[in-house]
Amino acid sequence: MTHLVRRGYQGRIALAVVALVATACGSTVQNAGSAPGGANGSQALSVPGGTQASGAPGTVVGGSSGGAVGSAGTGAAGGTGGGLAAGQSGAVGSGNASISEPGDGPGVTNTTINIGAVYDPDAAAADSAIGAAGANPGDVKAETEAVVRYVNSHGGVAHRKLNPIWYKESTSDSAATTEQRMCSTWTQDNKVFVFEAGEPLLDQCTADAHGVAVDAGRLIEETTPQNRKYPAVVNISSFNIDHSMAVTVNGLAKQGYFSNGAKVGIVTWDDAYYRYGISAGANPALARLGLKNVPVQYVAVPQSYGDLGATSSSAGSAVLKFRTMGIDHVIVLDGPAGVASGAILWIEWSRQADSQQFYPRHGLNSTSGFNALASAIPQKEMENSIGVGWFPSLEETSSDWAKTPLSSNAKLCLQIMKDAGQQESGANAQAIQFGICDKLFLLKQLFDPITGPLNQQTALAAINALGTRYTPMLTFGLNITAQRHDGAYLVRNMAFQDSCTCYRYTSQPYNPY
C-alpha cells in the first residue's frame, strides 16, 4: 500500500507491470464482471495465439535451470535468488517454455520498452488525514526514475531501455475513474507494454491490450478465477484474496486460535471478490477444522474518499451485531477495495470496536499492516491478537527490521535510492522502494534471455518458467508457475507482545497449505 486511501498503483507496497493494447482505437474498458466465476484449480495459465517453438526467433532460450541475472543473494527467509549485475545473463526455464508470436508487443521498439507508472503527490496528506501519517509512501516518481536509470545504465531490459509513461493520480477521483484514466493513458494516449494492474478493470485493460503485468509487493484485488481469466497479470509478493483467506485460517489454526470454545466471527469488505474469498477460501479452510456457518459481517466499501464516513458507520453496525451475538474471536480479512488499498477496514473496525468497548481476540494478516499501522489502532484492540504475515518490511518494528539480513538485491536497491537522494521515511516507504526494485530487477531477469520479438507470448513463457529462481525483497519466498500467478507461498506467525506494545514474529517461514 503506497498509501491507505488511494489505491497507490505505483507504490502501495508494490508495483505492477502490465502490457497493453493490441488495437489502437482504445474503446473504454468495462469492468470485467461483478463477481468471479469458478475455475479448475489445476488449469494452466496461458494466452491464446501462441505456438510451440524451439530456438525460433522470439523464443525464450532454454537449457539452464538457473535463470538468474548476476550473482545469487540470500533473502530474509534464507534461500537464493537472482542478483542484478551488469553484463551477465542467464537462461530462463527449459525448452518447453518456448512460445513464439510474430512481432514486438505494444510500446516495444528495438531500443525501448514503455512501462506504465503511477504517482500521487497527495498520498502522504491523504494518509495523514485519516490518522495514518506513518504510511507516507515517499516520492514514488523520483524513486522509480532512479531505478530505471540504474537498469538502463546496466544494459536495460531485453537489451532495450525502459521508458516510464506516467499517470498522475488524484485523491479526489474514485477508484473506477482512476483505473479508466490509467487505461486510457496507456492504451490511447500512449502505448505501453508493461503497466499497472491487479484490479478488475486494469486486468481487463491488460488483456485487451495483449500486455503483461508483474505486480511487486502490492496487495491485489483478485481471486483465483480472476487469475485464470487474466493469465498475463502476475503478482510476485502477495496472495490473491481467496488464497490469503485460506492461508490466514490455516495459520491461525496452527497457533491455537480456534481452541477453547472460541465463538468466531469474520469481518471483511462488502465486495463480490471478498464474498468469493469467503466462500472459496475461508469457509473451506474453516470446514476442515470442523467449523461451519461462521458468521460474517460485510462492511461498506469506500468508493471515494468522501465515503469513508459511511464505511466507519458500517463498521460500527457490524461491531454491534457481533457484540449482540456474543462473538469473542474476530478474524479481520482486509485488503484493497474501492479507494482503500489495505488496512482501512482494520483501522475503522478497531476504532468502532473500541468506542463500543468490544475487545474480542483478533486474527489478522498482512492486509492489516501490523506494526506499520499500529499507531493508528487502539492498543486494547491489539492485545492478545495474532496473525500470519508475508510482508516483513511492513510487519516488523523498525528495530527488528534493521536486524533482518538483506539480500544482495535489497542492498543494491537501498544504495540506488541513497545515491538518488531518496532516503526512506519509514517502513511503508521502504517497502515501496523494495517493490519498485523487485519489479524492475525481475523484469531484467525474466526478459533479458528473450531473443527476437518481445511480446505477451514470449514474456509469459519466461514468467511461467520462473519457479523459485528469484528472491523477492518484500516476502519470504516466491514460486511462480504456469498454474499459479500469485507467487507468495511462505508466511510467518505473528503475535502482539505486551512487553514492547508491538507485533513480533513467533515462527520461521513455512508453507501454510
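These legends walk through several close-up views of the structure above.

The model is predicted, so local features need pLDDT of at least 70 and side-chain atom pairs count only at pLDDT 80 or more, while totals for chains, interfaces and linings use all residues. Residues are numbered from 1 along each chain as its sequence is written, and side-chain values use heavy atoms, with hydrogens and water left out.

**View 1. Cysteine 183 and cysteine 205 are joined by a disulfide.**
A disulfide here is a pair of cysteine sulfur atoms within 2.5 Å, and the structure holds 3 of them. In this one, the S to S distance is 2.1 Å. Look at which parts get tied together: cysteine 183 lies in helix H3 (residues 175-189) and cysteine 205 in helix H4 (residues 200-209), so the link connects parts that are 22 residues apart in sequence. Helices (H or I, at least four residues) and strands (E, at least two) are DSSP runs, numbered from the N terminus. The torsion about the S-S bond is about 90°, so this disulfide is right-handed. Now for burial: buried means under 20% relative accessible area, exposed means over 50%, and partly exposed is in between (1.4 Å probe, protein chains only). Cysteine 183 has 2% relative accessibility and counts as buried; cysteine 205, at 1%, counts as buried too.

**View 2. Another disulfide joins cysteine 413 to cysteine 437.**
The two sulfurs of this pair sit 2.1 Å from each other. With 80° about the S-S bond, the link of cysteine 413 and cysteine 437 is right-handed. Cysteine 413 lies in helix H13 (residues 408-419) and cysteine 437 in helix H14 (residues 427-447), so the pair ties together parts that are 24 residues apart in sequence. How buried are these two? Cysteine 413 has 0% relative accessibility, which counts as buried, and cysteine 437 is buried with 0% as well.

**View 3. Cysteine 500 and cysteine 502 form a disulfide.**
Here the S to S distance is 1.8 Å. The torsion about the bond is about -80°, so this disulfide is left-handed. Cysteine 500 is partly exposed, at 24% relative accessible area, whereas cysteine 502 is buried at 5%. If you number the bonded cysteines of the protein chain in sequence order, the pairing reads 1-2, 3-4, 5-6.

**View 4. Histidine 329 sits in strand E11.**
That strand covers residues 329-333. Histidine 329 has 12% relative accessibility, so it counts as buried. What does its side chain reach for? Leaving out residues up to four places away in sequence, histidine 329 touches Tyr257, Ala262, Lys263, Val264, Gly265, Pro360 and Arg361. Touching, or contact, means heavy atoms within 4.5 Å.

**View 5. Phenylalanine 193 and phenylalanine 447 make a tilted ring pair.**
Rings of Phe, Tyr and Trp (its six-membered ring) pair if their centres lie within 6.5 Å; planes under 30 degrees apart count as stacked, over 60 as edge-to-face and the rest as tilted. That rule gives 11 aromatic pairs. In this one, the centres are 6.5 Å apart and the planes meet at 50°, so the pair is tilted. Phenylalanine 193 is in the loop between H3 and H4, and phenylalanine 447 is in helix H14, 254 residues apart. Phenylalanine 193 is buried at 0% relative accessible area, and phenylalanine 447 is buried at 1%.

**View 6. Phenylalanine 239 and tryptophan 390 pair edge-to-face.**
Their centres are 4.9 Å apart, with 80° between the planes. Phenylalanine 239 belongs to the loop between strand E8 (233-235) and helix H6 (241-254), and tryptophan 390 to the loop between strand E13 (386-389) and helix H11 (392-395). The pair links distant parts of the chain, 151 residues apart. Both residues are buried.

**View 7. Charges sit over the rings of tyrosine 298 and tyrosine 359.**
A charge sits over a ring if NZ of Lys or CZ of Arg is within 6 Å of the ring centre and within 35 degrees of the ring normal. Arginine 275 lies over the face of tyrosine 298, 3.8 Å from the ring centre. The charged end of lysine 380 is over the ring of tyrosine 359, 4.4 Å from its centre.
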